[in-house]
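Dear colleague,

Please find below the structure that I am handing over to you.

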Amino acid sequence: MRTVVVESLAERVEQTKGGTIQPRTAELLELRGLLEAMHARAVDREPVGGHFATLPVPLDCSRWQTRHPYPLSIRQDLVEEVLEHAALARGAGLRRGHPVTDAEQDTEGVTVTTTERTFRARYLVACDGGHSTVRKLLRLPFPGRPGTFQAVLAEIRLASVSALVPERAGHISGLTRAAGGYWSMLVPVGGDRYRLTFAPEDEAAALSGPVTESEIVDALTVVYGEDTRLAHVLAASRWSDATRQLDHYRHGRILFAGDAAHIHPPLGGQGLNLGVQNAINLGWKLAATLHGWAPDGLLDTYQEERHPAAARVLHHTSAQRVLAGPNPAEDVAALRDIFTDLLSLPDTNHRLAGMMSGLDAPGRVPDAELVTDEGTTRLSALLRSGRGLLLDLTGGHPLPPGWSDRVDRVHAKPDHQLTEAALLLRPDGYRCWSPVGGPLEAALSRWFGVAATGDAV
């Protein structure tokens with residue numbers, strides 16, 4: 001039994017694209033031992049919180065009890081590099097240059113045909129982007145609304161810069177400019193490399209078709225001055241504020257994740273994070289299914305949990321789209337002013353910080369420092385194995401027989417961040433039981449299947 005990644009591209013594309021790891025995603029990557037490698041590849045940035053609708057008030061995550069209160073800036077291809085190395089180290093296969101041309105399922109599995117060969121698998125997870133081939137092969141509707149404008153995203157190198165070019169990545173309000181009929185955002189991503197986003201303020205003047213070098217030069221010159229000179233275009237594409245979401249993420253043995261399941265305006269650095277969190281949610285449930293211990297309906301909880309999470313992002317990015325418009329009408333400008341004042345209130349800021357960072361996720365548990373029978377450790381380290389965890393903080397909650405093949409039990413001293421007597425955590429780090437939630441055996445059966453026979457106490 002082996003996981004194989006089938007990739008249409010022959011090699012990774014060096015581009016920032018997503019570019020932001022939000023605090024909750026950072027916590028989840030920590031659970032799998034992947035965050036340190038991400039930090040090693042990240043761009044130096046100001047220690048400042050994220051944003052809502054580009055408004056000039058940083059979001060404050062300090063009250064959310066996290067070790068990662070600031071977004072991490074990292075090119076998407078480097079995120080892919082870390083994930084690829086981790087997958088290959090764990091025995092996964094990678095087949096590059098294999099565009100999918102067909103996918104057919106039956107009661108036993110899925111047959112995937114590429115331009116190079118045919119694969120047979122028990123399940124297929126389509127992570128093939130907003131223009132998903134698999135979604136189109138299944139003729140699935142992708143309900144939502146089309147985009148209302150076109151903008152350019154370009155990965156560039158600059159030969160020279162003016163004083164208007166930001167020297168360091170930081171809060172988005174300090175990276176955006178409007179001049180000469182353009183709005184633009186220029187983000188330093190290391191050395192002479194920058195991520196440039198721009199569009200005409202007059203949305204009717206937006207171009208279509210392939211992005212030209214002259215377009216990029218025009219925008220750079222108008223917004224950042226003649227001293228800002230282009231050296232090289234590494235990659236460029238157009239994007240819009242289209243908003244769409246599949247009604248169902250599971251169709252038999254084919255499941256959808258990332259942009260193949262949902263697209264939205266790129267406001268607040270949400271897209272990459274939704275995709276990673278989809279994968280972490282689905283990964284352990286697929287593993288449980290393939291290993292034969294998954295309880296009935298476990299795989300369907302992927303839809304139950306992740307569809308509402310994406311719907312929420314589609315909702316608030318739509319609101320941000322109104323507030324962040326480059327040429328706001330008088331009433332929208334007034335709304336921006338009022339919203340900026342509201343963001344300065346601690347409770348409002350806390351609420352939106354939790355929403356934008358993902359730290360308000362139901363069932364999230366802080367990465368507490370714990371003193372166990374074997375020494376001091378952190379909760380994230382105890383979950384590194386990818387198994388479930390019964391964390392006993394009083395010594396009075398043994399693991400019932402029958403689940404030790406998929407759940408660890410650790411006795412630790414109580415921590416000020418964890419006030420319950422005991423916690424049962426899923427492999428993705430979410431709380432699924434505490435003593436006030438009924439019998440432990442019921443929760444174990446709900447999330448970890450039927451107890452095995454012959455298991456030692």
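Arg244 stands opposite Ile263 in β18. Strand β15 (residues 243-245) and β18 pair in the antiparallel sense over two bridges; pairing requires that DSSP finds at least two bridges between two strands. Helices (H or I, at least four residues) and strands (E, at least two) are DSSP runs, numbered from the N terminus.

This is a predicted model, in which local features need pLDDT of at least 70 and side-chain atom pairs count only at pLDDT 80 or more, while totals for chains, interfaces and linings use all residues. Residues are numbered from 1 along each chain as its sequence is written, and side-chain values use heavy atoms, with hydrogens and water left out.

The sheet is open, with three strands in the order β9-β15-β18 and antiparallel pairing. Its edge strands, β9 (144-145) and β18 (262-263), each pair on one side only.

**Nonpolar cores**

The largest nonpolar core has 33 residues, and those with the most contacts inside it include Ile21, Met38, Leu370 and Leu418. Such a core is a set of buried Ala, Val, Leu, Ile, Met, Phe, Trp, Tyr and Cys residues joined through side-chain atoms within 4.5 Å. Buried means under 20% relative accessible area, exposed over 50%, and partly exposed in between (1.4 Å probe, protein chains only). Among the elements that give two or more residues to this core are α1 (23-31), α3 (76-89) and β21 (388-392). A second, separate core of 27 residues includes Ala260, Ile263, Leu282 and Leu286.

Ala412 is found in the loop between β22 (407-411) and β23. Because its relative accessibility is 1%, Ala412 counts as buried. Beyond its neighbours within four places in sequence, Ala412 is in contact (heavy atoms within 4.5 Å) with Leu370, Val371, Thr372, Leu391, Asp392 and Leu393.

**Aromatic rings**

There are six aromatic pairs. Rings of Phe, Tyr and Trp (its six-membered ring) pair if their centres lie within 6.5 Å; planes under 30 degrees apart count as stacked, over 60 as edge-to-face and the rest as tilted. Tyr182 and Phe198 form an edge-to-face pair, 6.1 Å centre to centre with 70° between the planes. Tyr182 lies in strand β12 (residues 182-188) and Phe198 in strand β13 (residues 193-200), so the pair ties together parts that are 16 residues apart in sequence. Both Tyr182 and Phe198 are buried.

Trp284 and Phe448 form a tilted pair, at 6.3 Å centre to centre and 35° between the planes. Ring pairs also link Trp284, Trp293 and Phe448 into a cluster.

Yours sincerely
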